[in-house]
Amino acid sequence: MHGKTSAGPKGHPHEVPGMKGGKEQAHGKKKVWLPRLIAWELTRSCNLDCIHCRAAARFGPYPNELTTEECLAFLDDVASFSDPIMIMTGGEPMMRDDIWEIAKHGTDLGLRMVMAPCGFLVTEETARKIMEVGIKRVSFSIDGATAESHDNFRRVDGAFASVMKAIENCKKVGLEFQVNTTISKHNLHELPRILELVIKLGAKAHHPFLLVPTGRGSELKDQEISPEDYEKTLTWFYEMRDKVPLQFKPTCAPHYYRIFRQGEREKGITVTPQTHGLDAMSKGCMGGQSFAFVSHVGKVQICGFLETECGDIRKEPFSSIWNTSEVFKQMRAWDDYKGRCGYCEYRSVCGGCRARAYAFTGDYMEEEPFCTYEPGEGAKRARDLKKKKAAQG
């Protein structure tokens, strides 16, 4: 998978983080959870062999992938109860012969369709076709400031050149694009130069991803940056946020939203949707809360990095899974997270990475293993009081 592609919400209902345990009552009514983003792995077939790939994708073909009819029915169901951004990813989504039909169907339903291609297949002609079917933005991955660094990570000679050519073709036809970067020890030192390159290319956004060790990436645990470097890197993201002419925020790095609020508080600034827009309304880990992942065979997960199955759209509608999945319900009950994540005062805006917790502990409810923050005394007292009440019955 080549990351999430976001193009901003369409004004659809979505939750503002900050509610106790995800169970608050708004104006006397029970909280309604709706997906704001759905990452949809249309195929695992891919023309790259990336060392960090969540899907461990190969060229394919892969058996039992969702049929065209199943794909269209899935979009119908999603549109029946919500209007999220639909991220068509893979593998390489453009390797599906029916990709244009699927994208057009979603657009006709009023859904915001975006796509994450690898680059090799984005010619000037296909870039125009992408726009014709209503896709508003595409994302490309750049994981090194040079061709050598990027290609080594992607394990395909010419991968960097193909992305540069694809971006050129997008610019020719006026198609918006963003850049995603997977961060690990191999390119941590290159981050300033990668950001400089992304700005020079004219991207609308740059979303760095912190490596989550799943898929082929599970072999790269030694490439994960240390918790201390993690904190320093997220702080650098925050410091650069208002200095660059594009949207710049990390993904799969939940405690960025704690650092973001700490930084604003030190400046005497209160974070609100009116003053900070999407940054104020976004949450660190959105899995099962405003985000979901659907695999090439219809399996539903809280995200692409946590392979715990939450349902199967071939057996029941996604709308039903979204509302009834026990895993999704657990994700929405922040107070029930284990360790520091369960009582931290930032739990409603961070939540810790559930996939990283699972990768390192075998329990997706455990505390985020790469967070160095110690909750304040007030949070600890609240935890102790909760334990005392529980012990009293």
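Helices (H or I, at least four residues) and strands (E, at least two) are DSSP runs, numbered from the N terminus. The model is a predicted one, in which local features need pLDDT of at least 70 and side-chain atom pairs count only at pLDDT 80 or more, while totals for chains, interfaces and linings use all residues. Residues are numbered from 1 along each chain as its sequence is written, and side-chain values use heavy atoms, with hydrogens and water left out.

Helix α3 spans residues 124–132, and its buried residues are T126, A127 and I130. These three cover an arc of only 105° around the axis, which puts them on the same side of α3; the arc is that of the directions from the helix axis to the C-beta atoms. An α-helix has 3.6 residues a turn, so residues three or four places apart point the same way. The buried residues of α3 pack against α2 (99–108), β5 (112–115), β6 (137–141) and α5, where contact means heavy atoms within 4.5 Å. Just after α3 comes G134, with a positive phi of about 95°.

Which residues of helix α6 (residues 191–201) are buried? They are L191, I194, L195, L197, V198 and L201. They cover an arc of only 160° around the axis and therefore lie on the same side of α6. The exposed residues E196 and K200 are carried on the face of α6 turned away from its buried side.

The partners of the buried residues of α6 are α5, β7 (176–183), β8 (205–210), α7 and β9. After α6 comes G202, with a positive phi near 90°.

## Where α4 meets α5

Helix α4 (residues 147–154) and helix α5 (residues 159–173) have axes that come within 7 Å and cross at roughly 110°. Axes are lines fitted to C-alpha atoms, for helices over the stretch in contact, and angles run from 0 to 180 degrees between N-to-C directions. From α4, the residues A147, H150, D151 and R154 make the contact, and from α5, A159, F160 and V163.

The loop between α4 and α5 holds R155. The phi of R155 is near 60°, a positive value in a residue other than glycine. R155 counts as partly exposed because its relative accessibility is 38%.

## Aromatic pairs

A pair of aromatic rings is described by the distance of the centres and the angle of the planes. The structure holds 16 aromatic pairs. Rings of Phe, Tyr and Trp (its six-membered ring) pair if their centres lie within 6.5 Å; planes under 30 degrees apart count as stacked, over 60 as edge-to-face and the rest as tilted. The rings of F237 and F248 have centres 5.3 Å apart and planes at 85°, so this pair is edge-to-face. It links distant parts of the chain, with F237 in helix α7 (residues 227–240) and F248 in strand β9 (residues 247–248), 11 residues apart. F237 and F248 are buried.

In the pair of Y256 and F260, the ring centres are 6.3 Å apart and the planes lie at 15°, so the pair is stacked. Y256 and F260 are four residues apart in helix α8 (residues 256–266), which means that about one helical turn separates them. Both residues of this pair, Y256 and F260, are buried. Elsewhere, ring pairs link W40, F74, F81, F318, W322 and F328 into a cluster.

## Backbone details in two loops

The peptide bond from G90 to G91 is cis, and its omega is near 20°. G91 has its place in the loop between β4 (85–89) and α2.

C252 is in the loop between β9 and α8. Its phi is near 55°, a positive value in a residue other than glycine. Is C252 buried or exposed? C252 counts as buried because its relative accessibility is 13%.

## The chain as a whole

The protein chain contains 14 helices and 12 strands. Of its 393 residues, 59% count as buried. Among contacts between residues at least 6 apart in sequence, 72% join residues at least 24 apart.

How values were computed. Buried means under 20% relative accessible area, exposed over 50%, partly exposed in between (1.4 Å probe, protein chains only).
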